[in-house]
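Biologist: Could you show me how to read the way helices pack in a model? I would like the general idea before each case.

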Amino acid sequence: MGTYLYRLGQASHRHRRVVLALWLALLGLAGAGTATLPDAGTATTPSTGTATTSSAGTATPAGTAAGTLVAAGSESQRAADLLRRRLPGTGADTATARLVLTLDAGDGARARLDDPVHRQAIEDVLATLGQAPLVGRVGDPFGGSGPGADGEPGAPGVGSVEGGISSDGRMAYTQVTYTVRDTQLTARARAALFAAAGPARAAGIDVEFGGTALDGVPERSYLGSAEPAVAAGILAAAVLAAVLGVLIVAFGSSVAAALALLTAVVGVTVGGCAAWVVTSRTGTGPATPLPVPGAVPVPVAVLGLTVAIGGALLVVTRYRNGLAEGRRREEVAGNTVATAGSVVVLSGLMTAGTLTALSVARVPALTTIGLASAGIIMIVTLGTLTLLPAVLGFAGSKVTARATGRAGRGRDGGERWGRFVVRRRIPALLLSLAALGAVAAPVADLRLGLPDSGATASEGTQRRAYDQLAAGFGAGFNGPLLLVVDAADSADPTAAAGRVRTAVAALGAVALTTEPRFDPSGDLATMTVIPVSGPGDPGTADLVRRIRAEAGALAVTTGTRVWVTGRTAIGLDVSWRLARVLPLYLTVLAALAIAVLAVASRSVLVPLKGVLSAGLSAVAALGAMVAGFQWGWLGGCLGVERSGPVAAVLPIVVIGLLTALATSHELHLVARSRAELLRTGDPGQAVVRGTADAARAVTASTIITVVASGAVVAASTGVMAGVLGALAAPAGPITASIGLVLAFGVTVDAFVVRLTLGAAVMSLLGRAAWWLPRLPDHLPAAASPGPAASPPLPAEVPTPASTPVPASMPASAAVATPAVAPALASVPGPAEVPTPVSAEAGMGAGAGAGASV
């Protein structure tokens, strides 16, 4: 691999104008592709990406969108697919919106919503909604009364589910059912929903909005305001400025920092636009730029930026060191990519593999996001290996300006810390474990569940609608269940459906069960079940299990097949699927990390230590997640007053992202330690030097991740409202939760696990850490940013059979490959030989270059 990377780096540097032109062309094509995506006012089908329109001028659903959060093959999804075929427009996963209308106390105690003036205003709202884009039907709040404020059930029937008025007449709601899923709703459709409330508000009626149609959508973005876009741009610029500042400090050169950041931004932009175009054109994602779940792509973008900048840190630093040694620029570029590029490739493969492994959950949304994000990471990695050497060629010697003094001070601090840990390895080990244990203790109380609008920010319209509907009609109205009854094998489908309804109502914890509604054939019925508890309450999950358990008996007594579906049931199935698949996902991550670290370290214990330490970081992050969100310690920071179970999507996403970052940290530390071990034969000095060289870069990478994650949290929670005009990012607290936990986990991993616990363990293991049975000579080894290797020599030049090993190091610690450079500086390739360098150059070559991703 080293030979090919050498040639790639050399060619990129030599033909830098061509390489730059190619990347600019890719950037232009990616931008043009996103500009030609379907218009925001056009709904596309998930299967073909083409718009379909019904006779009423509204889009009709077809197929299951990969962007929809469903559990493939689950009962709820099978039932939703059956409804889509047999009863179009009543699917369990079609978008719905709720309008909750209330009268304030100041309107007079005797005022009611069914008064002529107020009723006329509400009917005007209903008429406007009926003509809105993509609307299938609108419930009538006066057609059937729901439960009153005292919780007594109202008249049964569809009207009591799709609309109702409280017993005191001061609160009402109506449900808007769309013909498409929420992932297919357009900006024009949502804007029409908000605009329709005008007549009611003019009559003094307060209107709040809820439902799946608003999930992950900032209200302001559909009110004709440009504030969110402007604020997002300002926030992104602030993040990039902060990252640039960190890079300037790390490099001591504004030119080097600017080139690293430029390459990262270009790579992430090209990859992100390409992923958006591919998923939209192939129907594997929604037609909007914010895929579902909206909480996931934002942290993935942070990860992509971190990967790109981490690789750039490694390459630029190695390139500058090569120039400082007085070598030709083209040769330095080849050596840089051959050495540092190996670490970049392994880091990219680990990160991409981690994201691809999300597909084991068989949740289409996560599979789509994982594969698309893996593609982004590989494009970013390719940019680091090609575009960066090209632009470095344009910069010339400017990248070395003002770097030496600051880099030296950074190494001194890292070396002092490394020596401190090595001298006091037992106390460092025990204190680190104690700290991690304290943070991880709440994991024992981890409870995964289904997030609902009750967990959103208290000042949002969705949260107000949720609370008002729960107070006036019952918490279960926020999460109805949909029963699908297939009575094709029953002699009397109507009677059979009635018996199913009676049996379900008798289960308890049911506030309301509607009359069966049959399809044209008369043998498929649906009915809505309103639980007593809310959608995120354990009682609702228990009710779903009880109905499904009762379905077997009902099949025998009534000759019907009964399924439970609806958005609440689909969400529960996803939560249960993610909880079940988490052990398998962790196993896949462990296998990936062991494989990557084994190639890098060529040892047995180092990969095991790396995986176990990454597990400690993940458990600590989970503990913080439980304390912060399940126990509610951070609820105030997120604007959420009600604590509840941890959203099931959070552990699998956060653990995946954190494992990728932690393994990259370990990869760079191992590479530097291995290089120093082969140079000196002293395992203690190897730990010190590995920690010293990687400390500053790992710190810079961690700060960048925290800054980017902090921006995500700020945007998602609206804490920047005073500066950025009430910015509301998609997915709100869920996105903020991922950002907070990821920032915390990366910080713990960098400073507690890698630079303290890991260094102490490596010091205790000594030479045993690098033991490996003799392997075949052709097995590749990862390069490290150590002393430079010379360019490949002609094939006829003889190559030594082996590299001498210092007498102080056992033979088992040697790398069993032909012509390995003494500092593991290059991957074995055809006829590569080491180039002697001074001890000072060898020790300083990787300073600051172990930039973790």
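Modeller: Axes are lines fitted to C-alpha atoms, for helices over the stretch in contact, and angles run from 0 to 180 degrees between N-to-C directions. This is a predicted model, in which local features need pLDDT of at least 70 and side-chain atom pairs count only at pLDDT 80 or more, while totals for chains, interfaces and linings use all residues. Residues are numbered from 1 along each chain as its sequence is written, and side-chain values use heavy atoms, with hydrogens and water left out.

Biologist: How are α11 and α21 oriented to each other?

Modeller: Helices (H or I, at least four residues) and strands (E, at least two) are DSSP runs, numbered from the N terminus. Helix α11 spans residues 329-356 and helix α21 spans residues 649-680, and their axes come within 9 Å and cross at roughly 160°, so the two are roughly antiparallel. A crossing is right-handed if the near helix is turned clockwise from the far one by less than a right angle, and left-handed if anticlockwise; α11 passes α21 in a right-handed crossing.

Biologist: Which residues of α11 and α21 make the contact?

Modeller: Contact means heavy atoms within 4.5 Å. On the α11 side, the residues include V343, L346 and M350, and on the α21 side they include G656, T663 and H668. Ala, Val, Leu, Ile, Met, Phe, Trp, Tyr, Cys and Pro count as nonpolar, Asp, Glu, Lys and Arg as charged, and the others, Gly among them, as polar. By these classes, the contact of α11 with α21 has 8 nonpolar, 8 polar and no charged residues.

Biologist: At what angle do α19 and α21 pack?

Modeller: Helix α19, residues 605-630, packs with α21 at an angle of about 140°, with the axes 9 Å apart, and the pair is therefore oblique. The crossing of α19 past α21 is right-handed. Among the residues in contact are V606, K609 and M625 of α19, together with L650, E666 and V670 of α21, and by class there are 13 nonpolar, 3 polar and 2 charged residues.

Biologist: How do α18 and α21 cross?

Modeller: The axes of α18 and α21 come within 10 Å and cross at roughly 10°, which means that these helices are roughly parallel. Their crossing is right-handed. Residues of α18 including L578, Y585 and S601 meet residues of α21 including V649, I652 and R674, and the contact divides into 16 nonpolar, 4 polar and 2 charged residues.

Biologist: What should I look for in the loops?

Modeller: Most residues other than glycine have a negative phi. R602, in the loop between α18 (567-601) and α19, has a positive phi of about 50° although it is not a glycine. R362, in the loop between α11 and α12 (364-395), likewise has a positive phi, of about 55°.

Biologist: Is R602 buried or exposed?

Modeller: Buried means under 20% relative accessible area, exposed over 50%, and partly exposed in between (1.4 Å probe, protein chains only). R602 has 4% relative accessibility and so counts as buried, whereas R362, at 47%, is partly exposed. S166, in the loop between β3 (163-165) and β4 (171-178), is buried because its relative accessible area is 4%.

Definitions and conventions. Parallel < 35°, antiparallel > 145°, perpendicular 65-115°, else oblique.
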